[in-house]
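Here is a short report on one protein chain. Please keep the sequence and the 3D view open while reading.

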Amino acid sequence: FWSPTLLVRQAGVTCAAQLWDHVFAQAHPLGGAFLGLAVLIAHREAVMECEDTDGIVKVIEGITCAPSALKDLCSSARNMHRQTPPSSLALLAQLINAEDSLNA
């Protein structure tokens, strides 16, 4: 659920509000995870060119959020969510919940 917050750092207030509207409007708790995945996919070339995790962090820190890009990211996240089989959604939710309980 934390992954969409990566965009908020560089976003303006309007963009941040739209981002959170998308996350909270999702009927499934993995909506934020799919949005984070959509962000990474949108920047996959830059991420894949990185040699280590420090490079990936720098790419993520440099991501900006324009309202038009946010609309595309939200659409992409919704499509990925719709195309994911229910059994896979359940497994992903279990994995995220297990990770959250380990970090608590």
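Helices are DSSP runs of H or I with at least four residues, strands are runs of E with at least two, and both are numbered from the N terminus. This is a predicted model, in which local features need pLDDT of at least 70, side-chain atom pairs count only at pLDDT 80 or more, and totals for chains, interfaces and linings use all residues. Residues are numbered from 1 along each chain as its sequence is written, and side-chain values use heavy atoms, with hydrogens and water left out.

**Overall layout**

The protein chain has 7 helices and 0 strands. Along the sequence, the pattern reads α-α-α-α-α-α-α. The chain holds 104 residues, and 32% of them are buried. Buried means under 20% relative accessible area, exposed means over 50%, and partly exposed lies in between (1.4 Å probe, protein chains only). The chain exposes about 6900 Å², of which carbon and sulfur atoms supply 59%. Such areas come from the Shrake-Rupley method with a 1.4 Å probe; for residues, only the protein chains shown count as cover. Contact means heavy atoms within 4.5 Å. Among contacts in the chain with a separation of 6 or more, 69% join residues 24 or more positions apart.

**The core**

A nonpolar core is a set of buried Ala, Val, Leu, Ile, Met, Phe, Trp, Tyr and Cys residues joined through side-chain atoms within 4.5 Å. The largest one here has 17 residues. Those with the most contacts inside this core are Leu 30, Phe 34, Leu 35, Ala 38, Leu 70, Leu 73 and Ala 77. Four helices each supply at least two of the core residues: α2 (13-25), α3 (31-42), α6 (67-83) and α7. Helix α6 gives the most, with 5 residues.

What does Phe 34 touch, not counting residues up to four places away in sequence? The list is Ala 77, Met 80, His 81, Thr 84, Leu 89 and Leu 92.

Thr 84 sits in the loop between α6 and α7. Is Thr 84 buried or exposed? Thr 84 counts as buried because its relative accessibility is 17%. Its contacts, leaving aside neighbours within four places in sequence, are Phe 34 and Leu 89. A polar atom of the Thr 84 side chain also lies 2.6 Å from the backbone oxygen of Met 80. In a polar contact, a pair of N or O atoms lies within 3.5 Å; within protein, one must be able to donate a hydrogen and the other to accept it, and residues adjacent in sequence count only if both atoms are side-chain atoms.

Leu 92 belongs to helix α7 (residues 86-103). Leu 92 has a relative accessible area of 36%, so it is partly exposed. Together with Leu 91 and Leu 95, Leu 92 forms a nonpolar patch on the surface, with about 270 Å² of accessible area in total. Patches are made of residues with over 30% relative accessible area and no salt bridge; like charges are joined within 9 Å, and nonpolar side chains (Val, Leu, Ile, Met, Phe, Trp, Tyr) within 5 Å. A salt bridge is a side-chain nitrogen of Lys or Arg within 4 Å of a carboxyl oxygen of Asp or Glu.

**Around α5**

Glu 49 lies in the loop between α4 (44-48) and α5 (53-61). Glu 49 counts as exposed because its relative accessibility is 65%. Ile 56 is in helix α5. With a relative accessible area of 28%, Ile 56 is partly exposed. Ile 56 touches Val 47 and Cys 50, not counting residues up to four places away in sequence. Ile 60 also lies in α5. Ile 60 counts as buried, at 16% relative accessibility. Val 39, in helix α3, counts as buried at 5%.

The table gives C-alpha distances for pairs that include these residues.

| Pair | Separation in sequence | C-alpha distance |
|---|---|---|
| Glu 49 and Val 59 | 10 residues | 9.9 Å |
| Ile 56 and Leu 40 | 16 residues | 9.9 Å |
| Ile 60 and His 43 | 17 residues | 8.6 Å |
| Val 39 and Ile 63 | 24 residues | 8.7 Å |
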